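Open the structure in your viewer and keep the sequence beside it. This tour says what to select at each stop and what is found there.

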Amino acid sequence: MGREREEISPQAVAEQLALCERLRARLTAEGRQPLALVDTYGCQQNEADSEHLRGFLKQMGFAFTQDEFEADVIVVNTCAVREHAEQRVLGNVGALTHTKAKKPGQIVAVCGCMVQQPHMADKIRKSYRMVDLVFGPHELWRFPELLERAMEGRGRVFAADPFDGAVAEGLPVSRDGGVRAWLSVMYGCNNFCSYCVVPYVRGRERSRRPEDVLAEARRLLADGAKDITLLGQNVNSYGRDLGLNMDFSGLLRELNALPGDFRLRFMTSHPKDATERLFETMASCEKCAHHLHLPVQAGSDRVLRAMNRGYDAAGYLEKVELLRKYIPDIVLTTDIIVGFPGETEEEFEDTLRLVEKVRYDAMFTFIYSKREGTPAAKMPDPVSREEKQRRFDRLLETSNRISAEKHAAYVGQTLRVLVDGPGSGDYPLAARTDGGRLVHLRGSEENIGRFVKARITSGNTWALFGEVTDG
């Protein structure tokens, strides 16, 4: 994009880590264990960011709690993709008035994508006086510095100025120790879909250097991870800003070559950048899961143009056909927006027809949510909310029917699954197939954290059911 790549220096990161140690000494001087709560909303990238926040807090000497009345520090990591998520965050943040009344020294921080929007940061400044610290995604690397300022009572701290973003390596991480892990390979987005606020709050695309990605993958595997999801707003753009002979397919091959028995999956792939080279790589890399999340968003060419998606329905379908030639058993999932401004009934029918052709294994469906500052927010939107809901319900019915039919086809099969945690009731284990399908399993809890064979006995719209077997 003609912009010089920016990286946070190792020295600057080291200064933040040194500050963590000074804060640890201060916070633990009284012999009391300080407690923190990190509340996360939104996408997997936010989950990964919260792992860094917990990493910093752990180095400062904090232990963690889920009780907001116990916490000395509460960090709310927010999402800006839809209005509903923002309203939910604001409601929960407002409720913290009660915790601060009982614990006046408590620090409340709100961070993430929502507050990177100037109007939302301003709203918190004016209407949510219980919030002590506000910072956007670009400032996460200096969280210790910002928290110290808030703790020292230098006034409320706001750090969410517009910024295209940088890459910071060497940040601490605190994960839950499970077998599933997130691994960010890049940040930001250059696509500017007309409905989406992400490029404005996450900045331009920045790829991590391959050696840093590989080093983190090795650490994850050493810690017991067996299912690693590579994260990026558009992973197919990986490497374009590095000036190296390394694209996302090349990175997948490097990761696939690491020793160990594990799975690789990734999200999200923009359809305009999903290539035959990617499909061939997925097919040839034995550790790459046969699952692709390929958001179509709409089936109408006019709507796709208005969305600034960069492809048409026919081109999308051609890519799906090519993908299935390389990987016949691919599990394909997608995102679809209903009620984009100006969408007609016939254009909605185009989406239904595309869904019937592709027959997705699962769909994430949303009613269009107006985002301030995006081009779509200024488009005429004459269709009523009630009509959009009717269309949404029709799409959901179609999605659920196809998913149930797909799951019924698994019955009688024996699959290799990863048991990633406990279940409940008659099915004490929860597992995932190579394609990411949830499986409720009967079997010994000794299998948690292992790849096992599972015989599928039934299925419904949302999950499969089965039992661990030696066969």
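**Stop one: an open pocket**

Select α2 to begin: helix α2 gives seven residues to the lining of the second largest pocket, the largest share. Helices (H or I, at least four residues) and strands (E, at least two) are DSSP runs, numbered from the N terminus. The model is a predicted one, in which local features need pLDDT of at least 70 and side-chain atom pairs count only at pLDDT 80 or more, while totals for chains, interfaces and linings use all residues. Residues are numbered from 1 along each chain as its sequence is written, and side-chain values use heavy atoms, with hydrogens and water left out.

The second largest pocket has a volume of about 790 Å³. Two or more lining residues come from each of α2, β7 (180–184) and α8 (210–222). Now select H52, L171, V173, Y187 and E216, which of the 44 lining residues lie nearest the centre of this pocket. By class, the lining divides into 19 nonpolar, twelve polar and 13 charged residues. Here Ala, Val, Leu, Ile, Met, Phe, Trp, Tyr, Cys and Pro count as nonpolar, Asp, Glu, Lys and Arg as charged, and the others, Gly among them, as polar.

A pocket and a cavity are both found on a 1 Å grid over the protein atoms alone: a cavity is a set of points where a 1.4 Å probe fits but cannot get out, and a pocket is an open set with protein on both sides within 12 Å along at least five of seven lines. Lining residues have an atom within 4 Å of a point. Grid points are joined across faces, edges and corners, and a volume is the space filled by probe spheres set on the points.

Which residues line the largest cavity? Select D49, L53, N77, C111, G112, F135, G136, P137, L140 and R202 to show them. About 40 Å³ of space lies inside, and the structure holds one cavity of 30 Å³ or more. Helix α2 (44–59) and strand β4 (107–112) each supply at least two residues of this lining. Five of the lining residues are nonpolar, three are polar and two are charged.

**Stop three: buried residues**

Go to A85, in helix α3 (residues 83–102). With a relative accessibility of 18%, A85 counts as buried; buried means under 20% relative accessible area, exposed over 50%, and partly exposed in between (1.4 Å probe, protein chains only).

Next select T374, in the loop between β14 (362–367) and α14 (385–408). T374 has a relative accessible area of 1% and is buried. Beyond its neighbours within four places in sequence, T374 is in contact (heavy atoms within 4.5 Å) with S194, Y195, C196, V197 and Y200.

R437 lies in the loop between β16 (427–433) and β17 (438–442). Is R437 buried or exposed? R437 is buried, its relative accessible area being 11%. Leaving aside neighbours within four places in sequence, its contacts include V331, T333, D361, A362, H407 and Y410.

**Stop four: backbone details**

Select M267 and T268, which are joined by a cis peptide bond with omega of about 10 degrees. T268 is in the loop between β11 (263–267) and α10 (276–284).

Move to F192, in the loop between β8 (186–187) and α7 (198–202). Phi of F192 is near 50 degrees, a positive value in a residue other than glycine. F192 is partly exposed, at 29% relative accessibility.

N308, in the loop between α11 (301–307) and α12 (313–326), is not a glycine either, yet has a positive phi of about 60 degrees. N308 is partly exposed, with a relative accessible area of 42%.

**Last stop: the whole chain**

Clear the selection and zoom out. The protein chain has 14 helices and 19 strands. Its C-alpha trace spans about 60 × 60 × 50 Å along the principal axes. Of the 471 residues, 55% are buried. Among contacts between residues at least 6 apart in sequence, 75% join residues at least 24 apart.
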